[in-house]
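Please read them with the structure in view.

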Amino acid sequence: MNKERREYLEYGLLTVVSLLCYLLVLQVLTGQYLWEHNTFNTYALQADSWRQGRLDLGENYSWLEIAEYNGKYYCSFPPFPSYVLFPLTLILGSNTPDGLVLLLFDVMAVIFLYKIAIALKLSPGAAALSALFFSICTNMAFVIFVPYVWFFAQTLSYSLAAAAIYYALKGKGSLSLFLWSCGVGCRPMQAFFVPVLLLILYHKEREKHPEEKWYMLILNKAYWGLPALGVAISYMVLNYLRFGNIVEFGHNYLPEFVYEHKQFSTDYIAGNFGMLMNLPDFTEEGRMMIDHFGNLNFLWVNPAILFTVLGIIFVCIKKEKEAALLGGITVLLSVVYLIVTMMHATMGGWHFGNRYTNDILPWLFVCLALVVAKHSRLVKWQVPFAIWGILFNVVGTIIVYNGLG
C-alpha cells in the first residue's frame with residue numbers, strides 16, 4: 001500500500017472513530033442508548049404491518065403521531081424508512097434494532113462526506129475536519145443518536161443525500177438519483193435539491209464529451225432517472241392505496257390538522273421566521289436559557305451554514321464560475337426550502353436548536369468542499385466555527401434530553 005492510500009484510509013478511519021467516540025459520550029451523558037427499545041418506532045410498526053399483509057397499523061398508538069383515515073390508523077410520515085426496516089421485521093417483528101440501524105446511517109453519512117471532500121481533491125486531513133464539522137458540530141448532533149421516528153427519518157435523509165452527492169461527483173447518475181429519491185421518501189422537501197445533482201452530473205458529462213450539444217447530453221442520459229422513477233411510483237402507489245391520493249402520505253390526517261388548523265399556510269411565515277432567527281434568552285446571572293420547544297437561531301446552532309455562505313461569497317468575488325454557480329444555486333434552493341418550511345405549522349417540535357434547517361447541510365457541504373479545495377488556506381478557519389458548533393449543540397442536547405432547561 002502506497003503512502004497516499006494509507007493516509008487516505010487512516011484519516012477515514014479517524015473520522016469514523018471520532019464520530020463513534022462522540023456518540024458514545026453523548027449516550028453516557030444523556031442515557032439515550034442506541035441499543036435500547038425505541039418506543040417512538042412508527043416506522044417499525046408500519047413495516048411490521050406490511051409483513052402481516054395490511055397497510056394500516058391495526059390500532060391507534062396514543063403516544064405517536066398517527067393519521068386516522070376512514071376509521072383506520074396509519075403512519076403519518078413518508079414511507080422510505082419502513083422500506084429499510086421491513087427485512088428486519090421478517091425476523092424480529094416490530095422490535096427492530098432501530099438504534100443500530102441509525103448508527104449504520106450515521107457512519108454512512110460521515111464516510112460519504114469524507115469521500116465527497118476527497119473526490120474534490122481536499123487533503124485527507126482537511127476532508128476529515130470538514131466531514132466532522134458538518135456531522136458533530138452542527139444541529140445534527142441532536143438527532144443522530146436517538147432513533148425516534150422524526151430523527152430516524154432526518155438522519156437517513158441526511159446520509160442518503162451525502163451518498164447521492166458523492167455518486168453524482170463520480171458521474172454515476174442512476175445511483176445518485178436513486179439515492180436522492182430514497183432520501184425524498186424520508187424528507188419530501190429534499191426534492192427541491194435535485195438541481196444540485198443534475199448540475200454536477202451535467203458538468204461531469206460535459207467534461208467527458210465537450211463537443212456534444214447540451215440537449216444531447218441530457219437526452220443520452222435520460223435513462224438515469226428510471227430507478228428514481230421506480231421509487232417515486234412505489235410512494236405514489238402506497239399513498240393512493242392508503243389515502244386515495246398519490247401525494248398524500250398521511251400528515252394531513254393527523255388530528256391537529258383535521259380539527260384544529262392547516263398543515264401549511266402563509267399565515268405561519270411571520271411566526272416561524274421569528275423562530276428561525278430567534279436569539280437565546282439569558283437569566284439575570286447571564287446563563288443562557290434553553291427551551292425544549294423554542295427554536296434557536298439556525299446560524300447559531302449551525303455555524304457550518306454561515307461559514308459555507310461566506311465561502312460562496314468569497315468565490316463569487318473571485319469570479320470562480322463553477323464554484324460560484326453551484327454555490328449560488330444551492331443557496332437559492334436552501335432559501336426556497338426555508339420559506340416553504342416556514343409555511344408549515346411546526347418548526348421541529350420538541351428538540352434543541354432548529355433541526356429542520358439540518359436538511360440543507362449535505363447540499364451546502366459539497367459547496368464548502370469545492371471552496372476549500374480551491375483555497376486550502378481557508379480550511380483551518382473551520383476550526384473556530386466547529387468549536388462554536390460542537391459546544392452549543394452538545395450542551396443544548398444534554399440539557400434537553402435530561403430535562404434540565
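This is a predicted model: local features need pLDDT of at least 70, side-chain atom pairs count only at pLDDT 80 or more; totals for chains, interfaces and linings use all residues.

1. Salt bridges within helices. The structure holds four salt bridges. One of them joins D48 to R51, with the closest N and O atoms 2.6 Å apart. Both residues belong to helix α2 and sit three residues apart, about one turn of the helix. D48 counts as buried at 9% relative accessibility, whereas R51, at 38%, counts as partly exposed. Another salt bridge pairs K208 with E205, and here the closest N and O atoms are 3.5 Å apart. K208 and E205 are again three residues apart, about one turn of the helix, in α8. E205 is buried, at 4% relative accessibility.

2. D359 counts as buried at 4% relative accessibility. R187 is buried as well, with a relative accessible area of 16%.

3. Aromatic pair F40 and W150. There are 35 aromatic pairs in the structure. In one of them, F40 and W150 are tilted, at 5.5 Å centre to centre and with 45 degrees between the planes. F40 comes from the loop between α1 and α2 (42–51) and W150 from helix α6 (residues 149–169), so this pair ties together parts that are 110 residues apart in sequence. F40 is partly exposed, its relative accessible area being 23%.

4. Aromatic pair W350 and Y401. The rings of W350 and Y401 pair edge-to-face, with 5.4 Å between centres and 70 degrees between planes. Because W350 is in the loop between α15 and α16 and Y401 is in helix α17 (residues 382–401), the contact ties together parts 51 residues apart in sequence. W350 is partly exposed, with a relative accessible area of 29%, while Y401 is buried at 9%. Which residues do ring pairs link into a cluster with F40 and W150? The cluster also takes in F142, F145, Y148, F151, W350 and Y401.

5. Cysteines. How many disulfides does the structure hold? The number is zero. For C75, the nearest cysteine sulfur is that of C186, 11 Å away. A disulfide needs the two sulfur atoms within 2.5 Å. C75 is buried, with a relative accessible area of 1%. C316 is in no disulfide either, and its nearest cysteine sulfur, that of C367, is 10 Å away. C316 is partly exposed, with a relative accessible area of 38%.

6. The second largest pocket. This pocket contains about 610 Å³ of space. It is lined by 23 residues, of which I118, A119, L120, K121 and K204 are the closest to its centre. The elements that give two or more residues to this lining are α1 (3–30), α4 (98–119), α8 (194–208), α15 (321–342) and α16 (361–374). Which element gives the most to the lining? Helix α8 does, with five residues. By type, the lining residues of the second largest pocket divide into twelve nonpolar, nine charged and two polar.

Definitions and conventions: Residues are numbered from 1 along each chain as its sequence is written. Side-chain values use heavy atoms; hydrogens and water are left out. On a 1 Å grid over the protein atoms alone, a cavity is a set of points where a 1.4 Å probe fits but cannot get out, and a pocket is an open set with protein on both sides within 12 Å along at least five of seven lines; lining residues have an atom within 4 Å of a point. Grid points are joined across faces, edges and corners, and a volume is the space filled by probe spheres set on the points. Helices (H or I, at least four residues) and strands (E, at least two) are DSSP runs, numbered from the N terminus. Ala, Val, Leu, Ile, Met, Phe, Trp, Tyr, Cys and Pro count as nonpolar, Asp, Glu, Lys and Arg as charged, and the others, Gly among them, as polar. Buried means under 20% relative accessible area, exposed over 50%, partly exposed in between (1.4 Å probe, protein chains only). Rings of Phe, Tyr and Trp (its six-membered ring) pair if their centres lie within 6.5 Å; planes under 30 degrees apart count as stacked, over 60 as edge-to-face and the rest as tilted. A salt bridge is a side-chain nitrogen of Lys or Arg within 4 Å of a carboxyl oxygen of Asp or Glu.
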